[in-house]
Amino acid sequence: MNLFEIYSARLHAALSTLAERGALPAGLNLGRVVVEPTKDPAHGDLATNAAMVLAKDAGTNPRALATLLVEELSKDPEIAKAEIAGPGFINLTLQPAVFTTVLKAAIDAGLNYGRGPAKPEPKVNVEYVSANPTGPMHVGHGRGAVFGDALASLLAFAGHNVTREYYINDAGAQVDVLARSAFLRYREALGEDIGAIPEGLYPGDYLKSVGETLAKAHGPALKDKPEAEWLPLVRKVAIDGMMDMIRDDLAALGVVHEVFFSERSLQAVDGNKDAVRETIEDLRSRDLVYEGRLPPPKGQKDEDWEDREQTLFRATQFGDDVDRPLLKSDGSYTYFANDIAYHRSKFMRGFTEMIDVWGADHGGYVKRMQAAVKAVTNEKGALDVKLCQLVRLLRNGEQVRMSKRSGDFVTLREVIDEVGRDAVRFMMIFRKNDATLDFDLAKVVEQSKDNPVFYVQYAHARCASIFRQAREAFPDLDLTPVTLSQADLSILTDEAEVGILKSIAAYPRVIEAAAAAHEPHRVAFFVHELASAFHSLWNKGKDSPQLRFVNQTDRKSTLARLAFVHAVRSVLASGLAVAGVAAPEEMR
RNA sequence: GGGCCCGUAGCUCAGUUGGAUAGAGCAGCAGCCUUCUAAGCUGCUGGUCGCAGGUUCGAAUCCUGCCGGGCUCGCCA
């Protein structure tokens, strides 16, 4: 039940009625008309800009049109008051019963309250993490992981048909470096003294277990073979080992992908067809690939720049700034070429809506990828790229230094192990994706109001606690949702209660808007605000005993308030579920 | 130099895709606190929304130009 949709429909009906009567021209464009919550309770419950937006096309002025609309809307028995305000807003005040109806609906729907209607099409693909399989994930990867996962959950909850995908970058030169690094650890595992890890190889200890696996499986057999022979084999074992580790870390975060897509599988190796070549030929056949020269980068002198003819994709035809190369000078595919083939694969698997979650350092890559998606899908597919900014890791306000060089940088896993999955998940989306994020290891485990994770979870636990207490006070009271939703809710008239009722009514709209904007942080902010309002109401009961949820001497009001608390709890749990954060029964 | 992102209270950030008097938390100030088990509550102070133009009934939001910060710039992924 979405209040704003309902009244939007009624507003449209009123406009049609006016059109039929000839008071308005027919066929007005209603695209910009919105029904939204008011910021100020003095403005009533709902507001619409209809009169201001439509006045010009209707050949009248906003206030005259508003007068007509108000007259029409006032006939609605659920609208207690409709009035014109400011430059032509129409403010609607609803009968209080409308909000209790919403509350009942929320209780009846339970955790499905706010869920959008199922939309099988378009199929949506969310690609996130896609960390290189060359080492453990760091905190920055964690942000992308949580963001992508929460976004996917949000879209799914809004009704979309979502697939979660991970692109394994297992085809570039860096996995060969990984293989060489692992080979050293293999020799080490055989008892050889390998000394310091040479510059340019991965020094981390995490490759030791790969070395041991290799030693166990092959004994000394690989040791004296030429690199060309052992590299493919070692590479596979190393990549598998790294992916196991990454999957493990993701599992610790509660992040699970449905599809792991290998970059290597796009190339003519291991018996695969050459999907990259196929993609390039497809584009070439439509004159979107050509042999040509590129101007050198402007303003920046580059000694190594060599003007030569190369194979280029006409990215400029789709809004990019320059055409982009598909082949390196040694004839192999560029990363971009592979990525085009990959996104073409997504399209061929039925995904017309693609969302990629990348680190902010890949911002310069967005335009060309969007151009490629347009080209490869014949403009039938769309790509939205969400860039996640850096995470600054702090402890009590002081930056935790991460020296990647030595190999002993702070891993995502260490952070999860220290502060817990819920804290990491909530904090990672408690900020807009394109703003840098401060993550304080000390603060996120604090049990105080300053810690948003605790604050929101505590609100949920407090709801549960109230129920435990109610059962003690009224052992015979039936507290199942079915009974609660029948309670007489008309006593919920305190300002603080009404405010929360309005929040609950706004939840479906928040979900819908957050999903449309691909912004899961809005859900995190919403639950935080709801938690805040709820704690505040709870504290109000200190001075005003009649506002307490459990009232030993009044079964009727207790039942109504428990219905209210049940709905609050349910919406908190729902929002936390989107975030992937646990909704605990108690905080001990 | 080109492109992209950011700039909102002393600090950290929201701002419902163009709406009404720009909000919240922290910090600061003033009270309250033997709490429906609970790690606090209430109120106040605080703003040239980086700057300057433009678009329109209306701009923090859209357009242009500057200023400042970050990222990025063929054969890394």
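These exercises walk through a predicted model of a protein chain with an RNA strand.

**Exercise 1. Describe chain A: its confidence, its make-up and its extent.**

Step 1. Start with confidence. The mean pLDDT of chain A is 91. Of its residues, 98% reach 70 or more. The model as a whole scores ipTM 0.93 and pTM 0.95.

Step 2. Keep one caution in mind. Where pLDDT is low, predicted coordinates should not be read in detail.

Step 3. List the secondary structure. Chain A has 18 helices and 15 strands.

Step 4. The C-alpha trace of chain A spans about 85 × 65 × 40 Å along its principal axes.

Step 5. Chain A has 588 residues, and 50% of them are buried.

**Exercise 2. Find which residues and elements of the protein lie near RNA strand B.**

Step 1. Turn to the phosphate oxygens. One lies 2.3 Å from a side-chain N or O atom of K39. For R462, a side-chain N or O atom is 3.3 Å from a phosphate oxygen.

Step 2. Elements that give two or more residues to it are α2 (50-58), β4 (89-94), α6 (173-189), α14 (452-473), α16 (495-517) and α17 (521-543). The largest share comes from α17, with seven residues.

Step 3. Sort the surface by class. It has 23 nonpolar, 20 polar and 24 charged residues.

Step 4. Look at the RNA side.

**Exercise 3. Describe the largest cavity and the second largest pocket.**

Step 1. Count the cavities. A search of the whole structure finds one of 30 Å³ or more. The largest cavity has a volume of about 40 Å³.

Step 2. Name its lining. The residues are Y7, R10, L11, V35, T48, L73, I79 and L92. Helix α1 (residues 3-20) gives the most, with three residues.

Step 3. Sort that lining. Six residues are nonpolar, one is polar and one is charged.

Step 4. Move to the second largest pocket. This pocket holds about 830 Å³ of space. Its lining has 27 residues, and those closest to its centre are P37, T38, K502, S503 and A506.

Step 5. Trace the elements. α1, α16 and α17 each supply at least two residues of the pocket lining. The most come from α16, with 10 residues.

Step 6. Sort the pocket lining. It divides into 15 nonpolar, four polar and eight charged residues.

**Exercise 4. Decide whether helix α13 is enclosed or open to the outside.**

Step 1. Locate the helix. α13 covers residues 421-428.

Step 2. Pick out the buried residues. They are A423, V424, R425, F426, M427 and M428.

Step 3. Conclude. Six of the eight residues of α13 are buried, so the helix is largely enclosed by the rest of the structure.

**Exercise 5. Classify D76, V129 and E379 as buried or exposed, and note what stands out at each.**

Step 1. Recall the cut-offs. Buried means under 20% relative accessible area, and exposed means over 50%.

Step 2. Take D76. This residue sits in the loop between α3 (62-73) and β3 (79-85). Its relative accessible area is 15%, so D76 is buried. The D76 side chain reaches the backbone nitrogen of E78 at 2.8 Å.

Step 3. Take V129. It lies in the loop between β5 and α5 (139-157). Its relative accessible area is 13%, so V129 is buried. Its phi is near 70°, a positive value in a residue other than glycine.

Step 4. Take E379. This residue is in the loop between α11 (366-376) and β12 (382-388). Its relative accessible area is 52%, so E379 is exposed. Phi of E379 is positive, near 65°, and the residue is not glycine.

**Exercise 6. Find the form of the peptide bond from E121 to P122.**

Step 1. Locate P122. It belongs to strand β5 (residues 119-127).

Step 2. Read omega. The value is near -5° for the bond from E121 to P122.

Step 3. Name the form. This peptide bond is cis.

Key. Residues numbered from 1 in each chain as written. Chains lettered and ligands numbered in written order. Predicted model: local features only at pLDDT ≥ 70, side-chain atom pairs only at ≥ 80, totals over all residues. Heavy atoms only, no water. 1 Å grid on protein atoms, 1.4 Å probe; cavity = no way out; pocket = protein on both sides within 12 Å on 5 of 7 lines; lining within 4 Å. Points joined across faces, edges and corners; volume = space filled by probe spheres on them. Helix = DSSP H or I, 4+ residues; strand = E, 2+ residues; numbered from the N terminus. Nonpolar A, V, L, I, M, F, W, Y, C, P; charged D, E, K, R; others polar. Near = heavy atom within 4 Å. Polar contact = N/O pair within 3.5 Å; in protein donor to acceptor, adjacent residues only side chain to side chain. Buried < 20%, exposed > 50% of the residue type's maximum accessible area, 1.4 Å probe, protein only. pLDDT = per-residue confidence, 0-100.
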